[in-house]
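Here is a friendly walk through one protein model, with an eye on its rings and its helix packing. Have the structure open as you read.

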Amino acid sequence: MTIAEDTPDILKKFLIYTETVRGKSDSTTDEYYLDLRMFMRFLKRHRGLVSKDTPFDSIDISDVDIELIRSVTLSDLYEFSFFLSREREYIRPGEKPGKTVGLGDAARARKVSSLKSFFKYLTSKAMLLDENPAAELEYPKLAKKLPRYLSADESMDLLENVSGRSPERDYLIITLFLNCGLRVSELVGIDLGDIKENTLTVTGKGNKQRVVYLNRACIVALEEYLPVRAKFASPGEKALILSERKQRIAPITVKKLIKKHIEAAGLDSNKYSAHKLRHTAATLMYQNGVDVLTLKEILGHEQLNTTQIYTHLAPSELQLAAEANPLSRVKRKKKTAAQEEN
């Protein structure tokens with residue numbers, strides 16, 4: 001975690017607590033830092049502690065102390081949410097430079113989560129606040145969307161079109177995504193020692209480990225990749241999947257190569273990504289009989305409701321389910337006039 005010099009001690013201590021005591025990942029801790037730094041900048045501007053001409057991203061927060069934080073009310077937190085939805089300027093990831101105003105519901109929900117964690121820490125752990133102003137802070141309502149996934153045929157097309165300078169490696173990556181439902185961060189973190197016969201120990205969010213069983217397709221892909229890896233891996237290298245620089249492959253590299261192979265298979269790389277392959281694995285498993293509780297363990301979810309987004313069914317499958325009901329072909333028997341009279 002890299003934090004700016006103007007980060008106040010109160011925020012530094014929370015980030016240390018988050019990472020060392022709660023065991024949150026580096027990426028989660030970084031998100032907390034960015035969200036809370038934004039809130040502190042907003043708070044200083046909201047309180048009139050900086051000139052209106054000061055660019056928002058240049059506001060110094062080094063002087064933010066517990067006294068200023070104690071002045072925060074629930075109303076202030078909703079003012080911040082309003083600022084995020086109506087005034088906050090940013091550049092969308094992957095798009096050309098150009099300001100966009102207003103963060104989406106999902107981005108604002110993450111910031112609400114960061115605020116709740118921060119103020120809960122100050123109240124119940126650091127004991128610096130008597131009351132938690134974020135206790136009643138509500139999350140923005142998120143529209144439920146059915147995430148995109150590849151069909152079984154599209155998944156086969158993707159696997160059959162793997163080529164390039166490292167076909168064995170890339171084939172293994174896609175195979176692990178499609179069969180094990182790994183996150184990108186989990187895949188790049190795999191070490192050789194994590195593989196034991198037909199099992200893979202995966203380190204997920206919050207450094208929590210789970211065991212994933214490798215099916216025949218994964219084992220064969222590993223058997224084809226390992227001899228290739230052995231030819232160029234540096235002595236003592238622990239990482240399973242290596243880049244062309246002979247070091248652990250980076251998440252951004254994995255995302256780029258998945259995009260390349262998706263396009264090579266004639267699929268839309270704007271619709272599908274490395275994370276969509278995780279969703280594809282979960283969806284195909286569910287559609288072929290894996291129950292939700294088992295799927296939860298495979299994917300490494302803490303909450304069952306998180307897994308339920310992976311259990312959607314296509315309209316055609318819903319129709320088949322309805323027609324499979326043995327009562328679907330029952331028709332009302334019409335009575336004759338005589339029967340009606342009786």
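How many aromatic pairs does the count come to? The count comes to 11 aromatic pairs, where rings of Phe, Tyr and Trp (its six-membered ring) pair if their centres lie within 6.5 Å, and planes under 30 degrees apart count as stacked, over 60 as edge-to-face and the rest as tilted. One of them joins Phe-39 and Phe-119, an edge-to-face pair with 6.3 Å centre to centre and 80° between the planes. This pair ties together distant parts of the chain, since Phe-39 sits in helix α2 (residues 26-46) and Phe-119 in helix α5 (residues 105-125), 80 residues apart. Helices (H or I, at least four residues) and strands (E, at least two) are DSSP runs, numbered from the N terminus.

Before going further, a word on the model: it is predicted, so local features need pLDDT of at least 70 and side-chain atom pairs count only at pLDDT 80 or more, while totals for chains, interfaces and linings use all residues. Residues are numbered from 1 along each chain as its sequence is written, and side-chain values use heavy atoms, with hydrogens and water left out.

**Rings and burial**

A second pair is formed by Phe-80 and Phe-83, which is stacked because the ring centres are 6.3 Å apart and the planes lie at 25°. These two residues are three apart in helix α4 (residues 74-86), about one helical turn. The table gives the relative accessible area of the four Phe residues; buried means under 20%, exposed over 50% and partly exposed in between (1.4 Å probe, protein chains only).

| Residue | Relative accessible area | Class |
|---|---|---|
| Phe-39 | 0% | buried |
| Phe-119 | 0% | buried |
| Phe-80 | 1% | buried |
| Phe-83 | 4% | buried |

Ring pairs also link residues into a cluster, whose members include Phe-14, Tyr-17, Tyr-32, Phe-39, Phe-80, Phe-83 and Phe-119.

**Around the cluster**

Asp-35 is found in helix α2 and is buried, at 2% relative accessible area. Setting aside residues up to four places away in sequence, Asp-35 touches Phe-80, Arg-110, Lys-111 and Ser-114; contact means heavy atoms within 4.5 Å.

Is Tyr-78, in contrast, buried or partly exposed? Tyr-78 counts as partly exposed, at 34% relative accessibility, and belongs to helix α4. Beyond its neighbours within four places in sequence, Tyr-78 is in contact with Glu-136, Leu-137 and Glu-138. Tyr-78 and Leu-137 are 59 residues apart in sequence, yet 7.7 Å apart in space, C-alpha to C-alpha.

**A helix pair**

Now turn to helix α7 (residues 167-180) and helix α9 (residues 216-232), whose axes come within 9 Å and cross at roughly 155°. Axes are lines fitted to C-alpha atoms, for helices over the stretch in contact, and angles run from 0 to 180 degrees between N-to-C directions. The two helices α7 and α9 are therefore roughly antiparallel (under 35 degrees counts as roughly parallel, over 145 as roughly antiparallel, 65 to 115 as roughly perpendicular and the rest as oblique). Among the residues making the contact are Tyr-171, Leu-172 and Leu-176 of α7 and Ala-221, Leu-222 and Tyr-225 of α9.

**The whole protein**

The protein has 15 helices and five strands. Of its 342 residues, 39% are buried. Among contacts between residues at least 6 apart in sequence, 58% join residues at least 24 apart.
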